[in-house]
Amino acid sequence: MKPLHSPIYLTVAFKQAGETTLSDRGFDLKYSREENPTVRELERSLAALEGGRDALAFNSGIGAISALYLSLLSEGDEIVLPMECYGTTIQLAERLSKFGVKTKLVYPNGDSIVEAIGGGTKLVLVETLTNPTLKVIDVPEVVRRAKEVGAITIVDNTFSPLVFKPLKVGADASVHSLTKYIAGHNDVLGGAVIWGSLDGEELWHWRRRLGSILQPLEAWLVTRGMKTLEIRFERQSKNALAIAEFLSEHPRVREVRYPGLKEDPYHETARRLFERPLFGGVVSFRHVGGEEGAKKFLRSLKRIFPSPSLGGVESLASYPVISAAKTMPPERRELLGITDDLIRLSVGLEDLDTLIEDIDSALGG
Ligand SMILES: Cc1ncc(COP(=O)(O)O)c(C=O)c1O
């Protein structure tokens with residue numbers, strides 16, 4: 001009898017009676033910090049999702065980004081990063097200055113990133129959608145310029161799995177926080193790198209050296225989550241669009257950011273980049289009542305939890321000034337439009353009317 005689901009290989013080591021056992025990657029299968037069949041199954045699914053040559057799974061999104069930085073960068077190299085990137089992605093890059101790596105932070109749009117890429121640039125890392133103001137980066141433009149100078153482009157595709165395929169537009173690798181949409185249930189931390197042209201073996205060695213492989217139970221949970229990624233992402237995008245439209249008409253809302261809205265400044269770019277008209281579950285908006293109004297809104301929600309994560313089945317609301325943009329200098333927040341009246345919603349799978357009722361009542365509508 002064959003099981004419907006693969007087993008979870010909760011084993012640290014593999015028996016080797018004199019001969020070497022090889023994984024399908026051709027590496028030694030002897031110790032679970034290096035390879036594990038449950039993790040390998042997830043990696044094959046991830047590579048298939050984005051048309052990659054292969055993938056590696058890590059114990060968090062930041063675990064994946066750390067291994068990428070360490071495998072790709074050497075003393076004297078320069079990283080170009082948009083200044084509206086996940087905070088720890090920026091912090092980690094900046095801390096590499098003690099090993100002689102320079103970080104150039106630039107405004108998050110295609111033109112500024114392209115302009116910043118020069119002869120000394122070794123690595124460009126961009127997020128498809130920025131967080132929390134949801135600017136859409138023109139990734140193909142960035143890739144084109146990076147190739148001209150021989151730099152590597154990594155796309156953090158956490159916010160747009162399913163709809164955007166970084167490798168198809170020439171990026172060298174895509175990185176994910178699996179913690180978000182891909183696992184999708186707010187119950188597991190994980191990360192991954194999916195690559196086309198990158199040296200995967202070198203990255204594999206860095207994962208082994210750093211000890212940052214995803215654990216088998218977590219890998220199994222992510223594989224299970226992936227089975228419903230498509231229907232979750234569709235439903236979350238549909239709910240989020242309806243909520244963005246509702247907020248756009250609401251008298252207690254000043255401005256809504258959601259690339260699915262026709263009037264959003266990034267709508268056209270998103271339509272061009274995304275394979276399907278699905279824009280994800282994250283919507284940001286400004287409350288007319290300023291900081292006090294935003295905080296009162298968060299306190300008044302009954303069904304939506306105040307929490308900093310995103311992409312899972314439960315709807316969550318966060319206050320970016322003290323979460324996503326907490327470590328950002330105030331003048332940078334101002335430049336990016338991360339104001340103290342800004343609220344970010346991560347829309348889940350709940351009944352749409354229930355969500356709208358909760359939002360309306362918390363807005364005092
Ligand atoms: C775009 C993006 N990349 C990377 C990360 C880091 O992922 P993790 O929390 O799984 O380490 C996050 C976390 O929020 C994120 O939003």
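Helix H1 (residues 37–49) and helix H7 (residues 216–226) cross at roughly 30 degrees, and their axes come within 8 Å. The crossing is left-handed. This is a predicted model. The chain holds 12 helices and 12 strands.

**Where H1 meets H7**
- H1 brings Thr 38, Val 39, Glu 41, Leu 42 and Ser 45 to the contact.
- H7 brings Pro 216, Ala 219, Trp 220, Val 222, Thr 223 and Met 226.
- By class, the residues of this contact are seven nonpolar, three polar and one charged.

**The chain as a whole**
- The chain has 365 residues and a radius of gyration of 21 Å.
- A compact globule with 365 residues would have a radius of gyration near 21 Å, so the chain agrees with that value.
- Along the principal axes, the C-alpha atoms fill a box of roughly 75 × 55 × 35 Å.
- Of the 365 residues, 50% count as buried.
- Take the contacts in the chain with a separation of 6 or more: residues 24 or more positions apart account for 72% of them.

**Around the ligand**
- Which residues are around the ligand? They are Ser 60, Gly 61, Ile 62, Tyr 86, Glu 127, Asn 131, Asp 156, Thr 158, Ser 177, Thr 179, Leu 189 and Gly 191.
- This shell has seven polar, three nonpolar and two charged residues.

How values were computed
Residues numbered from 1 in each chain as written. Predicted model: local features only at pLDDT ≥ 70, side-chain atom pairs only at ≥ 80, totals over all residues. Axes fitted to C-alpha atoms, helices over the stretch in contact; angles between N-to-C directions. Helix = DSSP H or I, 4+ residues; strand = E, 2+ residues; numbered from the N terminus. Left-handed = near helix turned anticlockwise from the far one by under 90°. Contact = placed C-beta atoms within 7 Å. Nonpolar A, V, L, I, M, F, W, Y, C, P; charged D, E, K, R; others polar. Rg over C-alpha atoms; globule rule 2.2 N^0.38 Å. Buried ≥ 20, exposed ≤ 12 C-beta atoms within 10 Å, placed from the backbone. Near = placed C-beta within 6 Å.
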